[in-house]
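Please open the model in your viewer and keep the sequence panel beside it. The tour below moves from one selection to the next.

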Amino acid sequence: MKDIVRKDILQILAGVINILEKREEKDYLDLKGLSNRTIHNSAIFQDDDSISIAVMVYAIAKMIDRGLTERTYDMIFTKLISAKSSLEKFDKNTYRAGIKGIFSIISKTDKRLKLYVEDVISQAQMKKAGKIYKHGISIGTVSELMGVSYWDMLSYLGSTSPVEEEYDPKDIRKRLNFARRIFNIS
Amino acid sequence: MKKLIFDTGPIITLTLNNLLWILEPLKKKSGSRFMIPGAVKKELVDRPFKIKRFKFEAMQTMQYLKNNTIEVVNNSQTEELTSELLELANHCFKAKGEWIKLVHYAEINALALTITEKAAAFIIDERTTRMLIEDPEKLRNIMNHKLRTRISINKDYLKRFHQKVKGIRMLRSVELVTIGYEIGLLDKYLPDMPEPKKNLLDSVLWGVKLHGCSVSKREIEQIIKIEKPLL
């Protein structure tokens with residue numbers, strides 16, 4: 001794990017713990033904002049740690065929005081503190097196991113709630129995939145990074161966060177003329 | 001015979017819009033071969049076959065491979081060029097001391113096939129790959145802005161990349177459907193409403209945009225303006 005990534009993740013974990021400690025109405029929005037913090041590192045380094053923290057924080061935000069039991073909340077909170085502590089001690093294996101444990105809690109809780117067609121973690125993955133794509137990384141690269149299919153990426157990108165490409169509209173006439181030549185249209 | 005090489009995106013976009021069928025008449029009209037490399041076939045068909053989501057759409061696409069509307073082409077020359085181009089493309093931009101992996105194997109595989117087959121056009125919607133070919137400085141500026149960090153360019157690698165892709169002409173699915181519209185392929189969808197042709201064209205252009213084609217609202221407006229004599 002690169003040091004710059006580690007430092008960024010520690011800041012995010014501190015932020016998440018701070019938000020969850022107080023338990024306020026705006027937790028969901030604060031967490032959503034925080035989940036974007038590692039997108040830059042995700043796009044540049046394309047490492048699992050930056051990506052998983054972004055997905056995890058967003059997934060926690062969604063779960064809070066839906067409503068978590070006190071017990072589940074406490075379980076996630078405890079694991080976050082433990083994960084942060086491990087990472088502070090440079091114990092990345094224990095840290096990663098902790099994050100995996102949080103994902104497992106989210107996944108089990110999500111299955112019990114059964115409220116949505118698409119599970120929270122998949123939603124979080126697609127959301128973050130869209131963000132990384134907007135930072136200039138190709139669809140194919142992002143889909144491989146996030147473990148989602150090209151079909152999923154296009155379906156999601158087009159309908160939820162289409163990129164407004166700033167091509168000069170004058171170019172479109174040239175492109176269409178070229179297309180007409182290719183397809184033998186006078 | 002002319003050759004047109006397809007990347008993954010345009011085929012998916014057409015399928016998601018129930019417009020994959022236009023490939024057959026377009027192929028006939030152009031007198032071309034429509035081709036994809038093995039890596040694109042993997043993204044189109046092999047991967048979604050393993051999951052439930054989009055499995056049926058992948059089966060629909062498979063039909064067009066089976067009936068040879070789209071040919072799958074693999075050769076060692078293309079594979080070698082793919083590796084070369086990938087190495088160059090993914091070592092063009094650097095941030096925070098790290099080379100940024102911009103593009104994926106399949107995207108570059110299709111680009112390589114375009115070169116080795118001396119294709120007339122490369123059909124690709126994907127914005128990053130297209131920008132890297134057409135306007136890398138613009139791509140760098142976007143990344144500078146979004147990543148809020150300085151992006152440095154490896155000018156030597158970028159130059160070598162451009163030497164290899166020089167002369168490549170690209171089209172998107174939005175241009176394909178516009179041509180389809182022009183030659184009357186979409187007339188069966190003409191609605192019973194005022195300005196039926198304009199509505200049809202507008203809806204199909206937005207359809208491809210909302211299913212992943214990188215085309216701006218301004219470009220769509222411009223296409224409708226260009227097509228006005230036919231409306």
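Begin in chain B by selecting helix H6 (residues 105-116), which lies across strands E1 (2-6), E2, E3 and E6 (121-123) of chain B and runs at about 140° to E2(B). This is a predicted model, in which local features need pLDDT of at least 70 and side-chain atom pairs count only at pLDDT 80 or more, while totals for chains, interfaces and linings use all residues. Residues are numbered from 1 along each chain as its sequence is written, with chains lettered from A and ligands numbered from 1 in the order in which they are written. Helices (H or I, at least four residues) and strands (E, at least two) are DSSP runs, numbered from the N terminus; axes are lines fitted to C-alpha atoms, for helices over the stretch in contact, with angles from 0 to 180 degrees between N-to-C directions.

Next, select the strands: they belong to an open five-stranded sheet of chain B, ordered E3-E2-E1-E6-E8 with parallel pairing (two strands pair if DSSP finds at least two bridges between them). Its edge strands are E3 (70-73) and E8 (170-171) of chain B, each pairing on one side only.

Now turn to both chains, where 42 residues of chain A are in contact with 59 residues of chain B (C-beta atoms, placed from the backbone, within 7 Å). Finally, select H9(A) and helix H1 (residues 8-16) of chain B, whose axes come within 10 Å and cross at roughly 65°. Here A:Tyr150, A:Trp151, A:Leu154 and A:Ser155 of H9(A) meet B:Thr8, B:Gly9, B:Ile12, B:Thr13 and B:Leu16 of H1(B).

Definitions and conventions: Two residues are in contact if their C-beta atoms, placed from the backbone, lie within 7 Å.
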